[in-house]
Amino acid sequence: MTRTVWLKADDSVGDWEERKRRITAGLEAGVDWVLCDEADVSKVRDLGAVSVAAFANGGIDTIGDEGEGPDATVVGKGGEGDGTADLPPDLSGSADLSAIRRDDADGAYVRVFNQDYESFAEAAASEADYTFIIGEDWTIIPLENLIARIGEETHLVAGVETADEARTAFETLETGSDGVLLDSSDPDEIRRTVEIRDEAEREHLDLQWAEITGIEQVGSADRVCVDTGSLLSDDEGMLVGSMSRGLFFVHAETAESPYVASRPFRVNAGAVHAYVRTPDGGTQYLSEVKSGDEVQVVDTDGRTREALVGRAKIERRPMFRVEATVGATVDDAESGEIDGDHIETLLQNAETIKVATPNGPKAVTDLKVGDEVKVYHEETARHFGEAVDERIVEK
């Protein structure tokens, strides 16, 4: 599911200057859509690149010529959806629903005053590409009902006034609404709402502990520093490894040291052959990472986000081979042989490269057999970065 943030910017907000300030704040924050009046479509487009939806003006005719009109037309304002016109006893006689059925409109705007309007919203959702639900005295119950009944028939957008309300909408019944329509001019609320959208979109990984079963100095190799356009936190890094099924958590270089300055935008990720995890859940060879790519940043709790690569810096450096076992058990008490999945990677021999342990970040130069490190492990093979159901041997 792709979550969206829509910004309400019709004449109920105020004059054009007030609407303009709101839209500008939305563009800077990264909203997906602006919902405005018919007369403002071209002015919104002049402010920046954003998808534009417009309330149909009375006659519900198509707005503008090809390329000049909105990306979506919405009925309901000044009509049945907002209570200006009465709902007909038989919804088959609804002017708003008829416009959607004729493809004169793409979306329906419905203020849910009572159960009749909830039923009207459900009927609209079965026909409309976008359905906007604006709660009045009660908001969560009708949203829950519509999420449960509608399924994937429409892009369900909940009306909200704060970022906290947006979070609730995205989390309702675990599935949540597909989008939110934010009615606020506060730049901080707009920014926080977009951040909450991004959080709702992000993958959460189940990281686990692996036991170090081997570490040795090896020769030199071409290693890759992935320098991102983002500042990473102390608990953030990337998932890298020689084997796609088992990736090691490597910390960003956020720590100060007496010898080198911190590089909080950087992860010293390992040798060119290794994989790094990407935001789509795939992997990419470090040798292929370049400026403009996106890589996945993950924290020690498994929360993820994407980061834009500014450059990949490749230099020849001495390396460690790090081997670990995931799900280790003693197969035979007498032999002491350890069962489990063995994974490994090459990391630069330097104090600034750190992995995650139960006691916090630990330099690879200090690692010992028996230490535990955080990894991401999955029971699947990969081909060109995509998970495949086949037997692949990596050693």
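Strand β5 is mostly covered, since five of its six residues are buried, where buried means under 20% relative accessible area, exposed means over 50% and partly exposed lies in between, with a 1.4 Å probe and protein chains only. This is a predicted model, in which local features need pLDDT of at least 70 and side-chain atom pairs count only at pLDDT 80 or more, while totals for chains, interfaces and linings use all residues. Residues are numbered from 1 along each chain as its sequence is written, and side-chain values use heavy atoms, with hydrogens and water left out. Helices (H or I, at least four residues) and strands (E, at least two) are DSSP runs, numbered from the N terminus.

**The barrel**

- Eight strands close into a barrel in the order β1-β2-β3-β4-β5-β6-β7-β8, and the pairing is parallel, with two strands taken as paired if DSSP finds at least two bridges between them.
- From one strand to the next the twist averages 25°, where axes are lines fitted to C-alpha atoms, for helices over the stretch in contact, and angles run from 0 to 180 degrees between N-to-C directions.
- On one side, β5 (residues 107-112) pairs in the parallel sense with β6 (residues 130-135) over six bridges, and in this pairing Tyr109 stands opposite Phe132 in β6.
- Strand β4 (residues 72-75) also pairs with β5 in the parallel sense, over two bridges, and Val74 stands opposite Gly107 in β5.

**Helices on the sheet**

- Helix α1 (residues 16-29) packs on the sheet and touches β1 (4-8), β2 (33-37) and β8 (179-182), its direction making about 165° with that of β1; contact here means heavy atoms within 4.5 Å.
- Helix α7 (residues 187-201) likewise packs on the sheet, touching β1 and β8, and its direction makes about 160° with that of β1.

**Aromatic rings**

- A search of the whole structure finds seven aromatic pairs, counting rings of Phe, Tyr and Trp (its six-membered ring) whose centres lie within 6.5 Å, with planes under 30 degrees apart called stacked, over 60 edge-to-face and the rest tilted.
- One of these pairs is formed by Trp6 and Trp33, which are stacked at 4.3 Å centre to centre with 10° between the planes.
- This pair links distant parts of the chain, with Trp6 in strand β1 and Trp33 in strand β2, 27 residues apart; Trp6 counts as buried at 0% relative accessibility, and Trp33 counts as buried at 10%.
- The rings of Phe55 and Tyr109 have their centres 5.2 Å apart and their planes at 90°, so this pair is edge-to-face.
- Because Phe55 lies in strand β3 (residues 51-55) and Tyr109 in strand β5, the pair ties together parts that are 54 residues apart in sequence; Phe55 is buried at 3% relative accessibility, as is Tyr109 at 8%.
- Trp6, Trp33, Tyr130 and Phe132 form one aromatic cluster.
- The charged end of Lys43 sits over the ring of Trp16, 4.4 Å from its centre, a label that requires NZ of Lys or CZ of Arg within 6 Å of the ring centre and within 35 degrees of the ring normal.

**Cysteines and a loop residue**

- The count of disulfides comes to zero, a disulfide being a pair of cysteine sulfur atoms within 2.5 Å.
- Cys36 is buried, with a relative accessible area of 0%, and Cys225 is buried with 2%.
- Asp103 is placed in the loop between α3 (95-101) and β5, and its phi is near 65°, a positive value in a residue other than glycine.
- Asp103 is exposed, with a relative accessible area of 66%.
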